Amino acid sequence: MRWLVMSGFMLLSWFACVGSPAYAGGQPPQPPRQPNGLALTPPMGWNSWNHFGCNIDERTIRAAADAMASSGMKDAGYQYVVIDDCWHGPRDAEGNITADAGRFPSGIKALADYIHSKGLKFGIYSDAGSKTCAGRPGSRGHEYQDARTYASWGVDYLKYDWCNTGTQDGESSYTLMSDALRATGRPIVFSQCDWGSNKDWLWAQNVGDLWRTTGDIYDGWESRAGRQNGMTNIVDMQAELAHYAGPGHWNDPDMLEIGNGGMSNEEYKSQFSLWAEMAAPLMAGNDLAHMSAETRVILTNREVIAVDQDALGVQGQRVFKDGDHEVWSKPLKGGGRAVVLFNRGAQASRIAADWDMLGYPRGVAMRVRDLWQHKDLPRASGSFAAEVPSHGVVMVRIDN
């Protein structure tokens with residue numbers, strides 16, 4: 001009799017589970033994935049790749065950290081010093097990743113400690129595939145093992161690439177490493193770098209803290225033969241993705257080229273302004289230890305940086321385009337707008353932002369602050385207009 005009662009109870013329990021809509025398809029319901037609480041404003045820092053490529057070693061990275069701390073960049077908000085590809089050595093007998101002993105003889109932990117001693121944070125690079133883009137060991141099959149190693153070294157930021165991934169699924173591969181990072185208990189910002197291949201903006205909120213939306217940038221104004229992603233091309237590719245961004249989950253149009261020599265200072269001001277307008281991560285990619293005064297002035301413009309770091313966390317949008325003339329608007333906390341008048345043309349031109357483009361009543365007189373001249377302009381009613389240099393911007397903050 002006892003056996004019959006127990007059997008009946010087990011059978012009823014089985015029917016309750018299988019018959020429940022929550023178990024349709026044989027899988028129990030999963031709780032919503034929660035944010036990790038990091039990158040509530042777009043990350044700011046420096047990455048080695050755009051200037052140095054594979055030519056890195058611990059002296060180069062220490063020099064970058066020294067320069068970030070002493071040049072005014074740290075005080076302006078830059079935090080992360082990130083080593084990109086080519087730091088890796090072989091895996092040891094237990095499968096643990098090691099550093100290239102010739103390039104990093106002191107080890108990665110010592111380098112992280114040095115960067116932390118400067119009041120900065122340390123970032124590193126890996127790949128979701130079997131090998132990195134430069135042919136070093138990738139993290140496939142070692143995700144949890146590598147995440148524990150990074151945490152033990154004091155890593156604060158992981159850039160995770162997408163080379164040599166074969167038939168891997170993007171969402172599952174990135175979610176696996178995201179889970180591995182969370183399991184370490186150390187707060188590590190997760191930067192997904194698959195060049196927009198997997199349309200991460202559709203699914204990666206609460207998986208990554210930022211995700212690349214385009215292929216790699218090159219240091220040029222627009223595409224040319226063999227180089228597809230000039231600065232303006234990348235702007236166009238990211239322009240329609242604004243509603244996917246917000247605190248803790250940012251569209252990433254790739255790193256800054258400012259100071260690397262392929263564009264003019266006017267064009268570099270345009271990149272910095274537009275990246276801030278798009279609430280993009282501000283990751284410098286130049287030689288910080290030897291940058292010019294002009295480059296430093298651009299990278300440390302605190303009024304432009306404040307637009308990027310605005311707590312409302314809204315990505316700005318292009319609200320007007322007529323040929324080479326554009327107006328971009330970004331809502332700010334407190335009700336103001338950051339407005340960029342952008343001139344792609346070969347000649348200086350006058351460009352106007354009407355209040356209806358910005359969502360303001362036409363009759364209201366608004367304060368105008370020029371963020372590159374660092375001065376207040378006369379109040380404007382109905383519209384604001386300015387002469388904009390070729391390939392340049394006028395960037396203002398408009399509020400009441």
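Asp-169 caps the N-terminal end of helix 7, with a side-chain oxygen placed 3.4 Å from the backbone nitrogen of Glu-171; helices (H or I, at least four residues) and strands (E, at least two) are DSSP runs numbered from the N terminus. This is a predicted model, in which local features need pLDDT of at least 70 and side-chain atom pairs count only at pLDDT 80 or more, whereas totals for chains, interfaces and linings use all residues. Residues are numbered from 1 along each chain as its sequence is written, and side-chain values use heavy atoms, with hydrogens and water left out.

**The chain overall**

- The chain has twelve helices and 18 strands, and its C-alpha trace spans about 90 × 55 × 40 Å along the principal axes.
- Of the 400 residues of the chain, 53% count as buried, where buried means under 20% relative accessible area, exposed over 50% and partly exposed in between (1.4 Å probe, protein chains only).
- Among the contacts (heavy atoms within 4.5 Å) in the chain with a separation of 6 or more, 67% are accounted for by residues 24 or more positions apart.

**Helix 7 and Leu-181**

- The 14 residues of helix 7 should span 20 Å at 1.5 Å a residue, and the end C-alpha atoms of the helix are 20 Å apart, which agrees; the expected span is 1.5 Å times one less than the number of residues.
- In helix 7, the residues Gly-170, Ser-173, Tyr-174, Thr-175, Met-177, Ser-178, Ala-180 and Leu-181 are buried, and what covers the buried residues of this helix includes helix 6 (143-153), strand 6 (157-161) and strand 7 (189-192).
- Leu-181, which has its place in helix 7 (residues 170-183), is buried with a relative accessible area of 3%.
- Not counting residues up to four places away in sequence, Leu-181 touches Ala-147, Leu-158, Arg-186, Ile-188 and Phe-190.
- The C-alpha atoms of Leu-181 and Leu-377 are separated by 48 Å, and these two residues are 196 residues apart along the chain.
- Just after helix 7, Gly-185 takes a positive phi of about 80°.

**Strand 5 and Ile-124**

- Ile-124 has its place in strand 5 (residues 121-127) and counts as buried, because its relative accessibility is 0%.
- When residues up to four places away in sequence are not counted, Ile-124 touches Val-82, Ile-83, Trp-87, Ile-108, Tyr-150, Trp-153, Val-155, Tyr-157, Leu-158 and Lys-159.
- Ile-124 and Asp-85 are 39 residues apart along the chain, and their C-alpha atoms are separated by 8.4 Å.

**Asn-47 in strand 1**

- Asn-47 lies in strand 1 and, at 2% relative accessibility, counts as buried.
- The side chain of Asn-47 makes a polar contact with the side chain of Asp-84 (3.0 Å); a polar contact is a pair of N or O atoms within 3.5 Å, and within protein one must be able to donate a hydrogen and the other to accept it, while residues adjacent in sequence count only if both atoms are side-chain atoms.
- A polar atom of the Asn-47 side chain also lies 2.8 Å from the backbone nitrogen of Trp-49.
- Beyond residues up to four places away in sequence, Asn-47 touches Val-82, Asp-84, Lys-159, Met-255, Ala-284 and Gly-285.

**The cavity**

- The structure holds one cavity of 30 Å³ or more, a cavity being a set of points on a 1 Å grid over the protein atoms alone where a 1.4 Å probe fits but cannot get out, with lining residues having an atom within 4 Å of a point.
- About 90 Å³ of space lies in the largest cavity, the volume being the space filled by probe spheres set on the points, which are joined across faces, edges and corners.
- The lining of the largest cavity consists of Asn-47, Val-82, Tyr-157, Lys-159, Ser-191, Cys-193, Arg-212, Asp-252, Asp-254, Met-255 and Met-283.
- By class, the lining of the largest cavity has five nonpolar, two polar and four charged residues; Ala, Val, Leu, Ile, Met, Phe, Trp, Tyr, Cys and Pro count as nonpolar, Asp, Glu, Lys and Arg as charged, and the others, Gly among them, as polar.

- Most residues other than glycine have a negative phi.
- Asp-254, although it is not a glycine, has a positive phi of about 85°; Asp-254 lies in the loop between strand 9 (250-252) and helix 9 (265-277) and counts as buried at 3% relative accessibility.
- Ala-39, although it is not a glycine, has a positive phi of about 50°; Ala-39 is found in the loop between helix 1 (2-19) and strand 1 (44-47) and is buried, with a relative accessible area of 15%.

Terms used
On a 1 Å grid over the protein atoms alone, a cavity is a set of points where a 1.4 Å probe fits but cannot get out, and a pocket is an open set with protein on both sides within 12 Å along at least five of seven lines; lining residues have an atom within 4 Å of a point.
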